[in-house]
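Student: Please take a close look at one part of this model and describe what surrounds it. I would like the cut-offs stated as you go.

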Amino acid sequence: MSTNSSCPPRCTERSLSYEIDQDCYLHCLPDEIICMILHHVPPMDLIRNGRLVCKYWLDLIDGSQLWRGLCHLNGVQYPQDTDANLWNLDFRSIYLKRPFHRNLVKNWNAADGLLHWNVRENGGDGFAIEPVSNIDVSDCTDCWSTSYGLCEKEQTIDLLSEGCTCDVLDQLKPAIEISEWTAARHDCGSQYFVHVTLESSNREVLDNFKSERSVAQWKDSSWIRVSHRFCNYPPGVRFVKVVHGGKDSQFWKGHYGPKITATCVMLNLDNSLD
């Protein structure tokens with residue numbers, strides 16, 4: 001194979017493994033510089049089109065260096081360790097899906113009605129969507145309200161599908177933080193509950209948290225935040241299931257039961273191994 005004398009030795013070494021155009025001086029640059037250039041290309045263009053340019057670009061775009069750099073440039077959180085391979089990190093998945101330090105619950109604030117939630121019980125007049133006020137949660141303008149029969153729904157979060165890995169969950173064990181807000185009506189008593197389970201790949205329950213709240217008529221109607229942090233949980237956690245609901249305690253027609261909104265499940269790297 002002929003060699004362009006103006007091309008640095010690195011290009012000649014790379015040509016041993018890749019069939020490249022010797023007239024394209026981009027291939028003569030170090031990987032780090034090429035990654036810096038590709039950082040300015042929209043990520044989906046890299047995946048759909050950049051991988052088709054040549055085998056060298058395919059390996060570069062499928063590797064970790066490019067995506068780790070994008071995570072760093074855009075402030076995307078990922079496990080920090082002197083040896084990132086320890087956690088078998090998929091930096092492309094982390095950059096695109098961002099599994100850490102964000103709410104993994106879909107339709108967390110009732111903005112899309114009951115979308116993404118599985119309704120297990122819809123007693124009385126069923127779930128309703130109502131506007132909220134006097135709650136200190138940004139981007140939260142709606143809530144689910146319950147009725148005189150039990151209203152109960154659930155959502156299961158697949159942590160691997162959200163971009164986390166088995167090694168991170170089993171060894172690093174980022175804290176799994178759950179929270180939501182609930183309030184009773186002032187004029188009617190109510191009963192509220194939330195039950196969160198950490199489950200294995202075969203849906204075995206490995207850890208759980210449950211909270212219940214009963215409020216009498218004419219008592220506290222302010223919004224309260226219910227929260228829990230799972231730390232140092234058993235290995236094998238792959239799913240988080242949230243079940244919540246309630247009913248009014250006076251059997252009044254309509255929606256006089258507890259209100260629920262701002263449900264959150266988050267993987268927090270700052271609290272790993274606490």
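**Helix 5 and its cover**

Tutor: The buried residues of helix 5 are covered by elements that include helix 2, helix 3 (43-48), helix 4 (55-62) and helix 6 (91-97); contact here means heavy atoms within 4.5 Å. The model is predicted, so local features need pLDDT of at least 70 and side-chain atom pairs pLDDT 80 or more, while totals for chains, interfaces and linings use all residues. Residues are numbered from 1 along each chain as its sequence is written, and side-chain values use heavy atoms, without hydrogens or water.

Helix 5 spans residues 65-74, and L66, W67, G69, L70 and C71 are buried in it. Buried means under 20% relative accessible area, exposed over 50%, and partly exposed in between (1.4 Å probe, protein chains only). Helices are DSSP runs of H or I with at least four residues, numbered from the N terminus. After helix 5 comes G75, with a positive phi near 70°.

Helix 2, one of the covering elements, runs over residues 31-38 and holds I33. I33 is partly exposed, at 34% relative accessible area. Together with M36 and I37, I33 makes a nonpolar surface patch of about 260 Å² accessible area. The area comes from the Shrake-Rupley method with a 1.4 Å probe. A patch takes residues with over 30% relative accessible area and no salt bridge, and joins nonpolar side chains (Val, Leu, Ile, Met, Phe, Trp, Tyr) within 5 Å. A salt bridge is a side-chain nitrogen of Lys or Arg within 4 Å of a carboxyl oxygen of Asp or Glu.

Technical notes. Patches are made of residues with over 30% relative accessible area and no salt bridge: like charges are joined within 9 Å, nonpolar side chains (Val, Leu, Ile, Met, Phe, Trp, Tyr) within 5 Å. Helices (H or I, at least four residues) and strands (E, at least two) are DSSP runs, numbered from the N terminus.
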